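Open the model in your viewer, keep the selection panel handy, and follow along one stop at a time.

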Amino acid sequence: MEWTGLQPEMVRSELTEIVGDAHVSTDDADRLVYATDWFWLPQMWLDRGEIPRKPDFIVRPKSAEEISAILQVANAYRIPVIPWGGGSGSQGGALPVFGGIVLDTKRMNRIIEIDEKSLTVTAEAGINGKQLEWAVNEKGLMLPHYPASANCATLGGYLAPRGTGTISTKYGKAEDLVLRMQVVLPDGHILRTPIVPQHAAGPDFYRLFLGSEGTFGVITEATMQLDYLPECRLLRAVLFEDLTDAIEAGRQIMTRRLEPFVIRLYDPRSTASRVKKILGYELEGAYMVLGFDGDKDIATLQEEKAMDIINGFGARDLGREPGEAWWNHRYDFYYPPQSLKLPWMYGTTETVTTYDKIEKLYFAEKKAVEEGYKEWDIDFIGHFSHWFHWGVMVYTRFIIRNPPDDAKEAVRLHNRVWNTAMTAVLENGGMVNEHHGVGLKLSRFMRRQYGDAWPLLDRIKKTLDPNGIMNPGKVGFGH
Amino acid sequence: MNTAIGAIENCRFCLMCRHVAPVGHITHNESVTPHGIALVAAMQRQGQLTWNPSTLDVLYAEPDGGNCRAHCVTDQPLPAAIAAIRAEVADDGLAPPEVVRAHDRIAENHSAFGSYEPATKQGEWGLFVGDVGFNLAQETMRAALKLLEACELDVVSVGCGLDSGFIPCSLGYPRTAQAQARLCIEEVQRTGIKKLLVLSPQDLFAFLQMHQERLDIAWPEDVVIIDLVDFLASQVPNLKMIPPAGTAENATAYVDPTHAVRLPRRFDAARTLCEVALGYAPLELFWREDRAHPVGSTAIQFTRPDIGVRLTEARLEDAINRGAQSIVCDDPVTLYELRLRNESNLHIQGLYETLLTQLPPHS
Ligand SMILES: Cc1cc2nc3c(=O)[nH]c(=O)nc-3n(C[C@H](O)[C@H](O)[C@H](O)COP(=O)(O)OP(=O)(O)OC[C@H]3O[C@@H](n4cnc5c(N)ncnc54)[C@H](O)[C@@H]3O)c2cc1C
Ligand code: SF4
């Protein structure tokens, strides 16, 4: 559906006045490229020869003030604004499902300050994750949010969907690392949250923006907690015969606060497929990578204590080499052709819950998906990778290697599998998501997820964004 | 279909080299990242886009600097794929006029920047000077030859003013590129050279990789191709250079030249020479070594000159942001481009020219 005539020309000229002609695009190529993020559905739609809904404008602002002015134009014309960082989100969060303005934040990429005393970095939200990491590394520091998408994602994109990185088990999720943010509200008002997050000066309202995925405003700047680059990283791999034992071992390591920076536990199906494909190990059972970092003496002791627990389950110690190989190649999984890619159908149905429920949830979801889609020869794989004191995230995935050729049929099948998986998750006490966010993909499950609490969130949205311009169709608003 | 084109079917689904993609960094535009260019090319092939000024702008925005592939775990030859698609576009008569003009100039003169003068001497050792080295940056060429003389080598200059095939190949004219590649090989064979030192990384990349991979042309097995930087670094103990006096510590940054990411061996060698030339380890740029960004000296100067200029300006800005007062580089192609665009107070030094001033008298 093309939007033509006087009105778009008016909008374009006003946007141009704000950011300059070079930073407003209505080009064919740009509009197509910004029509898909990492969500399988729009990628499939394109792949099958269809055209997803395209943005009308791509705008690249340089400051919070420019964003404020853009939002005022959008309110005047009642057109959607979709914040876009790296476009690496897998939930369709950055899709312009109703057209409008895609607001690419990548020109806002300055590092404002590295505070080597408080160990913080303040940077604009459009900075690339890896570039930010390189910059703090030069000072012997790290931003301990290590998502597999660091090469492509932005700081704003880390925070908006509440991302989680590989070393979150020790250092926390992206949201745990943020001290302060600057945000532009949907009406154009620019605000800064208080200087520190832990205080007792009223409610924690800054958290509203974490997980709002651009529906409550645009994050333009953030101050993040840094850490010293660790003196050592001790990695090793162990093999459990039984997944139940492996989860219990992980629980014991966490609840005894042994502080691993990573516990990556592959279910037997993943061990036999992904671990074999990428790392080349042919193993049967549940493969676990375990890592301790920081001061060498402390890390060594922590590792010893963890190994005592693991040995208690009769797991096989595979030694350091396979643990280090995993660390060195942990992102290789994401490079095509060894990543999942079309024409296959796939989805990551990751979820999180408490230790008392996690195993039951995992097996319930596995059974529902495997039995429900047997005729499609569906594959269901998973790994447990972000561990908390109280529970763990399981990163489950379904894969259909011969999905329907017809795009519309493929959409229906994809949505059916998601319904099955999310129903199992919700019925077994899980959250519909732990780190990829809600986006468009999970929007329809948000009312069920929140039950009685949903109207409150909905009311907040309507108060902040009465014209509904901010990223419509996402995070359950409007569903 | 050129098999490299298959890479677009992988790259269009991938964002994993975005952090080192130089054009994405200066434009902040998804469409001109490896993923975006591959997606546009794939969609054109599927029929959802046609070649028009906007889509061609994307296709011609790739600089062929090698950053994407250097960081690609599965070694996707995306730059070669893009060159092959440009060749299809050129065959269909859709190449932009400035691209056609640049090609025609090379096809006619064997040089994009001046004239080609074939060598007349014979010898075992040769220095491939190249097009820019001969036509635009003679001081670097002369310094390199003098340093080789100090190494007591009798060197024949070859490829004086000759494009190695890199530019036409990148522009999308593989047949012209093949003709250029053959000329390079013929000249080396005619002069009897068995050890070929190469002045510019651009030509070195063409000889070591591009000719074989993209043009299906193999170099004779009895010719050894050597990076001049590597060779000179190995000669440092013999050259007995006199360390410089009175230079402000840390004032000079080394710029890894365009294509350095394709030739990782040279990172250390170049720095060894810098230490000799400066008397201290050079200041490091943010975009260095395996993440070094190109200047606008590749075919991008013809395909998208606007982007080419920005690439060069970004390298100068990187040096200024690091607090450098001067920058040093070995590659005549990179040096020429940096000098052309420099409007700041940065002093731009040739590494070989600087080294020359440290040779003992009478050497
Ligand atoms: C190969 C690969 C690996 C991945 N691995 C991980 C992983 O390990 N951990 C993880 O958590 N995720 C992972 N992801 C998912 C995704 O990359 C992350 O969620 C990432 O942080 C998104 O960042 P982005 O800048 O690309 O955001 P986008 O995709 O551009 O946006 C994501 C959402 O945030 C909103 N948004 C973006 N910027 C802003 C802003 N400044 N203000 C307000 N809203 C904004 C968008 O509107 C959208 O709703 C992976 C994705 C890929 C492709
Ligand atoms: S070159 Fe490799 S890393 Fe870059 S986009 Fe292509 S597949 Fe991804």
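Start with B:Phe128, which stands opposite B:Val198 in S3(B). Helices here are DSSP runs of H or I with at least four residues and strands are runs of E with at least two, both numbered from the N terminus. Before moving on, note that this is a predicted model, in which local features need pLDDT of at least 70, side-chain atom pairs count only at pLDDT 80 or more, and totals for chains, interfaces and linings use all residues. Residues are numbered from 1 along each chain as its sequence is written, chains are lettered from A and ligands numbered from 1 in the order in which they are written, and side-chain values use heavy atoms, with hydrogens and water left out.

**Stop 1: the sheet of chain B**

Select strand S1 (residues 125-129) and strand S3 (residues 195-198) of chain B, which pair in the parallel sense over 4 bridges; two strands pair if DSSP finds at least two bridges between them. Contact means heavy atoms within 4.5 Å, while axes are lines fitted to C-alpha atoms (for helices over the stretch in contact) and angles run from 0 to 180 degrees between N-to-C directions.

Widen the view to the open sheet of 4 strands in chain B, whose order is S2-S1-S3-S4 with parallel pairing. At its edges are strand S2 (155-160) and strand S4 (224-227) of chain B, each pairing on one side only. On average, neighbouring strands of this sheet are turned by 30° against each other, direction ignored.

**Stop 2: two helices of chain B**

Next, select helix H9 (residues 138-150) and helix H13 (residues 228-239) of chain B, whose axes come within 10 Å and cross at roughly 45°. H9(B) and H13(B) are therefore oblique to each other. The cut-offs are these: angles under 35 degrees count as roughly parallel, over 145 as roughly antiparallel, 65 to 115 as roughly perpendicular and the rest as oblique. The crossing of H9(B) and H13(B) is left-handed, a term used if the near helix is turned anticlockwise from the far one by less than a right angle, with right-handed used if clockwise.

Show the side chains of B:Ala144, B:Leu147, B:Leu148 and B:Ala150 from H9(B), and of B:Leu228, B:Phe231, B:Leu232 and B:Leu239 from H13(B), which make the contact. By class, the residues where H9(B) meets H13(B) are 8 nonpolar, no polar and no charged. Ala, Val, Leu, Ile, Met, Phe, Trp, Tyr, Cys and Pro count as nonpolar, Asp, Glu, Lys and Arg as charged, and the others, Gly among them, as polar.

**Stop 3: between the chains**

Which residues are around ligand 2? Select A:Tyr335 together with B:Cys11, B:Cys14, B:Cys17, B:Pro34, B:Cys68, B:Cys72 and B:Gln76; a residue is near a molecule if one of its heavy atoms lies within 4 Å of it. Ligand 2 lies between chains A and B. Its shell divides into 7 nonpolar, 1 polar and no charged residues.

**Stop 4: two cis bonds in chain A**

Look for the peptide bond from A:Pro336 to A:Pro337, which is cis with omega near 10°. A:Pro337 has its place in the loop between helix H12 (320-328) and strand S16 (345-348) of chain A. The bond from A:Leu342 to A:Pro343 is also cis, with omega near 10°, and A:Pro343 is in the loop between H12 and S16 of chain A.

**Stop 5: the sheet of chain A**

Select the open sheet of 5 strands in chain A, ordered S5-S6-S10-S8-S9 with antiparallel pairing. Strand S5 (111-115) and strand S9 (190-192) of chain A are at the edges with a single partner strand each, so one side of each has no neighbour in the sheet. Neighbouring strands of this sheet are turned by 10° against each other on average, direction ignored.

Zoom in on S5(A) and strand S6 (residues 120-124) of chain A, an antiparallel pair with 4 bridges. A:Ile111 stands opposite A:Ala123 in S6(A). In the loop between S5 and S6 of chain A, find A:Leu119, which has a positive phi of about 55° although it is not a glycine.
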